[in-house]
Amino acid sequence: MSIVTVQLGQCGNQVGFEVFDALYSDSYCSQGLCSKKENEAYQASCKERFFSEEENGVLVARSVLVDMEPKVINQTLSKAAQSGRWKYGQHACFCQKQGSGNNWAYGYSCHGPKHEESIMNLIRKEVEKCDSLHGFSIIMSMAGGTGSGLGAFITQNLQDQYPNALKMNQVIWPYGTGEVIVQNYNSILTLSHLYRCSDALLVHENDAIHKICAKMMNIRQISFNNINQVLAHQLGSMFQPTYSAEDSFHYRRNPLGGFRDPALYTTWLKPADAFSMWKTQRAFNKYEKSATLVSNSQFLVKPLDTIVGKAWNMFASKAYVYQYTKFGIEEEDFLDSFSLLEQVIASYCNL
């Protein structure tokens, strides 16, 4: 079952490269923690899921790269080619309108419809290389402009054209003290649109990852490269080939059984349905042991409420709204986004 990744904008392309490099490194590194047969099966499964293979044996990432300018894409393609281990295939670059770089509306209302056919054709070609398509992983920033707006537009198109395939958006949550003045507008518009068309939103907070780099990895001068590598490890370990451990004797006896405590979950959800464990004998990327927890909880209520509050304060004074209305986003679209996200916040608060 293969996954096609769509890398959007500067953030999506830089993170996407690190993810594929981590996946390749994990798959082809020497592992002494499992048998040769288990290792070979793991490598074959990983390759089928994330890479296609050319006749000369070169692995090509199952990915489509999209950005508004050539610089980032060219750098990403070059880094992959220089690795000598794998490379990219499909990519697209389009010229953006001057002054529209941080404008969500331009990506969603202008750039998306204008280049919809070209982008969707690239994705279709990548899908056709898969023997069995499981779904899409869309990597995008939430606070940027055209990448997030285009990301929402492309996700809607994927839902229309591939309704039975999983659409999972990897959303990079902005720093609380970000430099993009309209990042809160971009964030609420992105989240509200993805909420309607995505099957799952995996949120990756820059502030939380920054703390990991500082406190757990003791990095003094933290760069975006450091942030992206931590993100890549999180995503790679989550996507690694695994099997269900529900019925294993080890699972029943492990302390992990504490996750079956009904007190952890809402009353209308049975613990048996609320928590699933998947495992593999092979640890991720040379670690002796590795664990990843993907949780749907109240954790994001506070940061989401903060973003909605900041965006509402700006909207109440009509600050920068004209930058969106000139590209076709009406004030009613903002109000719809606020209303939807306030309902989401209320629902999570009531869990």
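Student: Is Asn 218 buried, partly exposed or exposed, and what is its relative accessible area?

Tutor: Buried means under 20% relative accessible area, exposed means over 50%, and partly exposed lies in between (1.4 Å probe, protein chains only). Asn 218 has a relative accessible area of 59% and is therefore exposed. This is a predicted model, in which local features need pLDDT of at least 70 and side-chain atom pairs count only at pLDDT 80 or more, while totals for chains, interfaces and linings use all residues. Residues are numbered from 1 along each chain as its sequence is written, and side-chain values use heavy atoms, with hydrogens and water left out.

Student: Where does Asn 218 lie?

Tutor: Helices (H or I, at least four residues) and strands (E, at least two) are DSSP runs, numbered from the N terminus. Asn 218 is found in the loop between α7 (206-216) and α8 (224-239). Although Asn 218 is not a glycine, its phi is positive, at about 55 degrees.

Student: Which loop holds Tyr 320, and what is the phi of Tyr 320?

Tutor: Tyr 320 belongs to the loop between α11 (301-316) and α12 (322-325). Its phi is near 65 degrees, a positive value in a residue other than glycine. With 32% relative accessibility, Tyr 320 counts as partly exposed.

Student: What surrounds Asn 169, and with which residues is it in contact?

Tutor: Asn 169 lies in strand β8 (residues 166-173) and is buried, with a relative accessible area of 0%. Apart from neighbours within four places in sequence, the residues in contact with Asn 169 include Ile 138, Met 140, Thr 155 and Leu 194.

Student: Which residues are in contact with Ile 345?

Tutor: Ile 345, in helix α13 (residues 331-349), counts as buried at 9% relative accessibility. Leaving aside neighbours within four places in sequence, Ile 345 is in contact with Val 301, Leu 304, Asp 305 and Val 308. Ile 345 and Asp 305 are 40 residues apart along the chain, yet their C-alpha atoms are separated by 6.9 Å.

Student: How do strands form a sheet, and what is the order of the open sheet of three strands?

Tutor: Strands of a sheet pair through backbone hydrogen bonds, either parallel or antiparallel. Two strands count as paired if DSSP finds at least two bridges between them. The open sheet of three strands has the order β2-β3-β5, with mixed pairing. Because β2 (51-53) and β5 (86-87) stand at the edges, each with a single partner strand, one side of each is left without a neighbour in the sheet. Strand β3 (residues 59-61) pairs with β5 in the parallel sense over two bridges, and Leu 59 stands opposite Trp 86 in β5.

Student: How many bridges join strand β4 to β6?

Tutor: Four bridges join strand β4 (residues 63-67) to β6, and the two run parallel. Val 66 stands opposite Ala 92 in β6.

Methods
Contact means heavy atoms within 4.5 Å.
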